Amino acid sequence: MTTVQALATALADAFLAGEGWRRADLVGQGGLVLGVRRRWLRPVADAVLAAYPHPPTDRPRELATFLSTLDPLRAAVAAARQHQRPIVIRARPVTPTRTVRRPWHTPVIDDVSDLAAMLDLSIEHLDWYADRRAMNRRATAHRLHHYHYRWTDHGRLIEAPKSRLRALQRRLLTEVLGPMPVHLAAHGFVPGRSAHTFAAAHTAQPVVVRIDLLAFFTHIPATRVYGLFRTAGYPEPVAHTLTGLCTTRTPHPVLRRAPAHLPHRATRLATLRTSHLPQGAPTSPALANLCAYRLDRRLTGLADAYEITYTRYADDLAFSGNLTTRRIHDLITAVTDIARDKGFQAHPGKTRIRGRADRQLLAGLVVNQHPATQRDEYDRLRAILHNAARTGLAIQNRTGHPDFAQYLIGRVLWVGHHHPARAAKLAALLAQALAAP
């Protein structure tokens, strides 16, 4: 027996597949799907035209949901059941969706076939990687999963996509997510911004407050990612598929391996059971920044009200300025409430309040005078370079970096950033280390 939802979905597809958007057009399209023009199709068509003066070509699911609420359609299904005369869906037209708006310079992707063509995939392979039929979620064998899973010593779950999906996500990062703007307060994983720009805004301030968000990526559900793609103008089927390519639901065997001492264990496992941004996917940092836009906007407004400064680096929220003890308490309470309202959770055990007499640390940088790495980090790097110049790079590579020379170059650039004296000393030692036999 045809259900209300099945009938509504078939009629929504039929209405949108037609060439016209008048009462006669909708009734005719409905008749083609059902094999006969039922009398109740007329009031259904009238209701659709009243609610949608123009065809919602990017919202077939929304139209189907609307149809499922209409009394004439529901009464027809109820009568068919009562009299044992089933309503038969005789044809299922393909709904041609369309991008109706583009607030940003993102590529036009009118339907799922366009997305498959853009990614050089067949529709079947696109369905597999996006897991639109939830086959991957139910698979028990690891070889059928799209991700590698690893619990770190700090209790974080790394969900790293396998090579093919990772390549697809990198294309989406460049072509689809790249043109979307992030809030000015966001500094992590944003071109032209960095940990140094994040910390520099809080240099030489009387008080610095750092608040950490718990399980930042996994607190962003697939529904919010879907909403972002819809905001970008993509039709429902395209937004749904893009969401599937960028989110995952952690398999139960992986959840069972979670450390017993995992902080906030119940909350974190609950978010992992639902579709979320995986920590380890190339698209997750950009999507997290985009989905946190309203959070950044609210917190920027809060900082303006307090006449202080706010920036964010991934899950680190930083505030600085003239703050009394009472205002600090009120600020932390307000930030916690705003974060909760936007779907995030502040980590109470990682809130730090530092005055001028304390070491004010943000993203590994001390900001009391100007953003700089900690002295002990500089000393450790200088010792490694000094020893490498005498014994060679291989002996000093105690952590097994695959390209130790490039690692050292990166560390020298990081520690010496905006610190000419340190940079000069480290560069001289690095040159000696690289020249050592």
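Student: Where do I start: how many helices and strands does the protein have?

Tutor: Begin with the inventory. This predicted model has 21 helices and 9 strands. Its C-alpha atoms fill a box of roughly 90 × 55 × 45 Å along the principal axes.

Student: And how do I read burial across the chain? What share of the residues is buried?

Tutor: Burial is a matter of relative accessible area, with under 20% counting as buried. Here, buried residues make up 48% of the 437 residues.

Student: What about contacts between residues 24 or more positions apart?

Tutor: Take the contacts with a separation of 6 or more: residues 24 or more positions apart account for 70% of them.

Student: How far apart are the mean positions of the positive and negative charges?

Tutor: Average each set, then compare the two points. With 59 positive and 32 negative charges, the mean positions are 5 Å apart.

Student: Let's zoom in. Where does N289 lie, and is N289 buried or exposed?

Tutor: N289 lies in helix 15, which spans residues 284-291. N289 counts as buried because its relative accessibility is 2%, and the cut-off is under 20%.

Definitions and conventions: Residues numbered from 1 in each chain as written. Predicted model: local features only at pLDDT ≥ 70, side-chain atom pairs only at ≥ 80, totals over all residues. Heavy atoms only, no water. Helix = DSSP H or I, 4+ residues; strand = E, 2+ residues; numbered from the N terminus. Buried < 20%, exposed > 50% of the residue type's maximum accessible area, 1.4 Å probe, protein only. Contact = heavy atoms within 4.5 Å. Lys, Arg positive; Asp, Glu negative; His and termini not counted. Charge placed at Lys NZ, Arg CZ, Asp CG, Glu CD.
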